[in-house]
2 protein chains.
Amino acid sequence: MNTEFSSKAVLEAIRSVVQSDNTSISLHEPKLAGNEWTYVKECLDTGWVSSVGKFVDRFEDDLAAYTGAKRAIAVVNGTAALHICLILSGVVPGDEVLIPALTFIATANAVSYCGAVPHFIDSEEKTLGVDPGKLAAYLEDIAEQRQDGCYNRITGRRIKTLVPMHTFGHPLDIEPLLKICADFRIELVEDAAESFGSFYKGRHTGTFGRLAALSFNGNKIMTTGGGGAILTDDEELGRLAKHLTTTAKIPHRWEFNHDMIGYNYRLPNINAALGCAQLEQLSAFLDNKRALAGRYAQAFSEVPGVRFIREPEYCRSNYWLNAIILDEDFRNMRDEILEVTNSAGIMTRPAWTLMHRLPMFTDCPHMNLTISKSLVRRLVNIPSSAGLV
Amino acid sequence: MNTEFSSKAVLEAIRSVVQSDNTSISLHEPKLAGNEWTYVKECLDTGWVSSVGKFVDRFEDDLAAYTGAKRAIAVVNGTAALHICLILSGVVPGDEVLIPALTFIATANAVSYCGAVPHFIDSEEKTLGVDPGKLAAYLEDIAEQRQDGCYNRITGRRIKTLVPMHTFGHPLDIEPLLKICADFRIELVEDAAESFGSFYKGRHTGTFGRLAALSFNGNKIMTTGGGGAILTDDEELGRLAKHLTTTAKIPHRWEFNHDMIGYNYRLPNINAALGCAQLEQLSAFLDNKRALAGRYAQAFSEVPGVRFIREPEYCRSNYWLNAIILDEDFRNMRDEILEVTNSAGIMTRPAWTLMHRLPMFTDCPHMNLTISKSLVRRLVNIPSSAGLV
């Protein structure tokens, strides 16, 4: 047992869990061990590989049933899902959208696609997600109510929507955010791209906001190759989401009429077929990933100066991407750990560069981001594939 | 042999070619008769279904080799390809982009995604594509050269790019358009979504403009489920196209830095695997489709009042979507033909509603569209699957 912190101790703790000596271990890879072949072959045999076919409908029904959302709309990826959610939440060019500084680039890009401006918010250490207390205090300071919504007094722009993101699959504290949004008249779109299979107080993440985005990229807990989905309980928003993601074509036997600027965001049937097969195995993936997290927690309990990140107490996390966080005393050790582990063939990575530091977003407004900065300095993601158990 | 025009005569001519009495015949369905299963199974067996994998690289190399373009960048669909081509041609918000009124909605939508305004141009009957003579005369009338490009004197907006589209796979007359664009300092992006496998004077469509968009949607001559590609001979534009379609991430062992507003437009590996298998069969598909077109030409030569559309003389067309066109005398018969054929289980459809008639584009500028209007009134697409031969 190590009694001192070192990058070697971190490497050994990971190795003790993933039980690898020589082979290289990726950060997250898919497990295709169910009916993937059967369903994909059915697409090939019938020729239904593209825009129509039974697997898209089935996948949407299965997603709605699993999450408890009234409607799920399958789309080409999580970024596309976020884009449509933002449009349907009422974001128009010139609006501001509150998003965490600590997120994947897709959240900020989707805001840009709407011609809106991302406004970066700090996160809290216990959930890695938007800090409700800090956000409320900030809005008290900068927000002003006008007839058509909440405005940023400093920039003069309307603050239309908040997009909290469930980081690495851990549910953030969504209830107080819902209250803040109601109080300040701000829409809430959940970025649940990473949290498929994660629950907050027994309810699936992505069913709290008016709209939510899921992702089934190859690095997610389950995959459709590329893919995502929009969740909503609002039937009319669900209808509009389907319409907007399928070029806004008006149904007709032969005429091609479209009534809005639409998008070609529908998920191909062959990718939906993969999704149906993966979803059948989700419960096993979750068991595996939670078991893996348990082993990591045990291994890192014996490494001083580093903490394995556990699910918040009121939540059940999918443990999509496992992470460790260094004590403040060792905050300069992150890059050495990345170097030592990656050089040893065990893939690790830091959190994303904070959004306000990227060149295209440096002029965007942001609040004090003390916690996000501290988290990025100290956080390392470690191998998380379901197949590691 | 019929001596009078009737919708029944049209139905019988189609039936004589597709040789169906009862079963329903779709407009265009894919043929998956090669290595699709082998390649897709390899993706499933290795777990490489998503954003990385050898089939994306191979598909891009195969596309470049087949078309003769220096670079091909595989993307999620033809709309995404058009969007990126427009951005890379230099279109910025507020610009105008010249596109045919007679096109699929994707051409106009992609312009809108750039914050630009589509400006609708007439087509000519012999190619169904942009009429070079009419366009030149129109630009003489409305265009004005300023320091940073060609301006529309009437709207005051810059005319940045022309996007001619090779309708139903038939190559339009691209050479005079290249000259017009050079003369008026307008960029040329080819919408070759429908013309993969079509050649103009021996050179593949999509290799004349600085950039071009292909589509591999399920209804195209070959399919990747959903998919498309960008073609260019410009190495730097090719590099930028890859960068922009993969979230503009800067390569690094572990850091997540992005230097532009990017897009999640990359084609998943499993879809690229389909594409590799389909491309191996393209030559057979082309033979089948040209044989089918030959039979239609023969059958319709005996029906008065209607003409089967053949490839322009200097071209070799993929005959993606076969079409007949009614003489002016019978221009009111289109809907009856659509009704009679579709009711008989033979899927036919009219051309797209002209873009300037759709509610979101009614305020956009357009030239006199006499020919496009006449074409839409008289044109009917008829079953075109490679499997019909």
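In the predicted model, three bridges connect strand S12 of chain A with strand S14 (residues 323-326) of chain A, and the two strands run antiparallel. Within S14(A), Ile324(A) is the residue that stands opposite Phe308(A). This pair of strands belongs to an open sheet of four strands in chain A, ordered S12-S14-S16-S15, with antiparallel pairing. Strand S12 (306-308) and strand S15 (349-350) of chain A each have a single partner strand and stand at the edges, so one side of each lacks a neighbour in the sheet. Strands of a sheet pair through backbone hydrogen bonds, in either a parallel or an antiparallel arrangement. Helix H10 (residues 282-300) of chain A lies across S12 and S14 of chain A, and runs at about 160 degrees to S12(A).

A further antiparallel pairing in chain A involves strand S4 (residues 143-146) and strand S5 (residues 149-152), which are joined by four bridges. S4(A) and S5(A) form a hairpin, with two residues between the strands. Gln145(A) has Cys150(A), in S5(A), as its bridge partner.

Chain A also meets chain B: 51 residues of chain A are in contact with 51 residues of chain B. On the side of chain A that touches chain B, two or more residues are given by each of helix H2 (36-46), helix H5 (105-113), helix H9 (269-280), helix H11 (334-343) and S15 of chain A. H2(A) provides the largest share of this side, with five residues. By class, the side of chain A that touches chain B has 22 nonpolar, 22 polar and seven charged residues.

Backbone geometry was examined at two loop positions of chain A. Most residues other than glycine have a negative phi. Phe168(A), although not a glycine, has a positive phi of about 55 degrees. Phe168(A) is placed in the loop between strand S6 (158-162) and helix H7 (174-184) of chain A. Phe168(A) counts as buried because it has 22 C-beta neighbours inside 10 Å, the cut-off being 20 or more. Arg185(A) is likewise not a glycine and has a positive phi of about 55 degrees. The loop that holds Arg185(A) lies between H7 and strand S7 (187-191) of chain A. With 15 other C-beta atoms within 10 Å, Arg185(A) is partly exposed.

Notes: Residues are numbered from 1 along each chain as its sequence is written. Chains are lettered from A and ligands numbered from 1 in the order in which they are written. This is a predicted model: local features need pLDDT of at least 70, side-chain atom pairs count only at pLDDT 80 or more; totals for chains, interfaces and linings use all residues. Two strands pair if DSSP finds at least two bridges between them. Two residues are in contact if their C-beta atoms, placed from the backbone, lie within 7 Å. Axes are lines fitted to C-alpha atoms, for helices over the stretch in contact, and angles run from 0 to 180 degrees between N-to-C directions. Ala, Val, Leu, Ile, Met, Phe, Trp, Tyr, Cys and Pro count as nonpolar, Asp, Glu, Lys and Arg as charged, and the others, Gly among them, as polar. A residue is buried if 20 or more other C-beta atoms lie within 10 Å of its own, exposed if 12 or fewer, and partly exposed in between; C-beta atoms are placed from the backbone.
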